[in-house]
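Trainee: I would like a close look at one part of this model, with the criteria spelled out.

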Amino acid sequence: MIKYISSESVFEGHPDKVCDQISDAILDEILKEDIDARVAVETAIKGNKVFIFGEVTTTAKVNYKLIAGRVLLDIGYPEEFDILVHLSEQSPDIAIGVNERYNKEQGAGDQGMMYGYATDETEERIPLPLAAAHAIARKFKEIRNNKYFYLFGPDGKCQVTCSYVNDKPRAIETIVVSAQTRKYANQTEVNRVILDEILIPLFGDIEDINILINPTGEFIIGGPEADAGLTGRKIIVDTYGGFSHHGGGAFSGKDTSKVDRSAAYYARYAAKSFVDAGLAKRCEIGVAYSIGVAQPVSLYIDTFGTGVASDEDLLYLLKLHFDFTPANIRKELKLDKVKFRKLSHFGHVGRMDLNVKWEDTKSKADKLRETYGKTKRTPQVL
């Protein structure tokens, strides 16, 4: 049976991604001065108006308007923006359950469900349509910044459809690229650049792929002038392109006491470790928390029938080798060293271009493989 599955990525100038980057840039600046800050910053943008709001408890002194302006300029929006800031401190009702000084162990910053996923169909251990879409988005940024600033604006998105047979990718079938262009851009040149300098270098022979470039015929008005943006509105782009469950919580603008972010990274770390260990071809890890409680209220593993043992047996290995408490996640993934703005576009997972611990699974994969080898010889241990 053939299935056709699509995933998308958005360019860094997409209004929602602009907001993600502003929120994470603010988070980075706060954590630079106060690593224990509590941060939940949201950003909204439309036209020349930017609204920064949320909760921040910190000793850091940062200029929120200046940070937002620098991000906008860096992306390619040199216009003057009217930036409004409205922030309050974290609720003490939340803090009492989260902060270690109130608790013997740091509790989860919220209730909710988080998921991690991995598949062996790409080197990045993410689904092929998503990996391809992110590759297009990264390549677009590269050629626009280095060569074609006169031709393209910063906004845009792309979508890749792949055919699957028996849950294995067969071929890329369709690629859609919607790229903002300058007012007097020649569409023939736009098509040539996208084909010759993005798609062919990435995918080689594209004769059998259905290519759609700016299918409406014109994409000149873009960014916040064309569409409103909001932090956390591209959570599927940020994760697994629709191939996995998603608990609904966004990442950007949140410090790592928020398990929406940290536990999702850790679940990815666990899922990828099982795939890299050769114990499954596909793996999803699901975890849920109660606010203020360190230990998860639920934890499961699903290998979709691709595991070398039953999911029940693999759950034993998961619990043996992974500690899902917020304090351990922060320590084991070295989250205090992460620069979050770099993650706020082109996905938070599969980032082989960034030195993030949840993608560095060799040590865990080796341990899983070793333990499985021992328990396989003595199955009563499981």
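This is a predicted model: local features need pLDDT of at least 70, side-chain atom pairs count only at pLDDT 80 or more; totals for chains, interfaces and linings use all residues.

Mentor: Residues are numbered from 1 along each chain as its sequence is written, and side-chain values use heavy atoms, with hydrogens and water left out.

Helix α5 bends at L195, by about 30°. The bend at a residue is the angle between axes fitted to the seven residues ending there and the seven starting there. Helices (H or I, at least four residues) and strands (E, at least two) are DSSP runs, numbered from the N terminus.

At the start of α5, the backbone nitrogen of T188 has a side-chain oxygen of N186 within 2.8 Å. At the other end, α5 is followed by G204, which has a positive phi, near 70°.

Along the helix, the buried residues are V190, V193, I194, E197, I198 and L199. Buried means under 20% relative accessible area, exposed over 50%, and partly exposed in between (1.4 Å probe, protein chains only). An α-helix has 3.6 residues a turn, so residues three or four places apart point the same way. The buried residues of α5 pack against α4 (128-146), β6 (152-165), β7 (168-181) and β8 (210-213).

The axes of α4 and α5 are 10 Å apart, and the two helices pack at an angle of about 135°. That makes α4 oblique to α5, because angles under 35 degrees count as roughly parallel, over 145 as roughly antiparallel, 65 to 115 as roughly perpendicular and the rest as oblique. Axes here are lines fitted to C-alpha atoms, for helices over the stretch in contact, and angles run from 0 to 180 degrees between N-to-C directions. The crossing of α4 and α5 is right-handed; a crossing is left-handed if the near helix is turned anticlockwise from the far one by less than a right angle, and right-handed if clockwise. On the α4 side, the residues that meet α5 are A132, A135, I136, K139, F140 and I143. Their counterparts in α5 are V193, E197, I198, L199, L202 and F203. Contact means heavy atoms within 4.5 Å.

Next, the loops around β7. Y184 lies in the loop between β7 and α5 and is exposed, with a relative accessible area of 76%. The C-alpha atoms of Y184 and E8 are separated by 27 Å, the two residues being 176 apart along the chain. N166 is found in the loop between β6 and β7. At 62% relative accessibility, N166 counts as exposed. Although N166 is not a glycine, its phi is positive, about 55°. Most residues other than glycine have a negative phi.

For comparison, another helix pair is α1 (residues 15-33) and α2 (residues 64-75), whose axes come within 9 Å and cross at roughly 130°. α1 and α2 are therefore oblique to each other, and α1 passes α2 in a right-handed crossing.

How values were computed:
A polar contact is a pair of N or O atoms within 3.5 Å; within protein, one must be able to donate a hydrogen and the other to accept it, and residues adjacent in sequence count only if both atoms are side-chain atoms.
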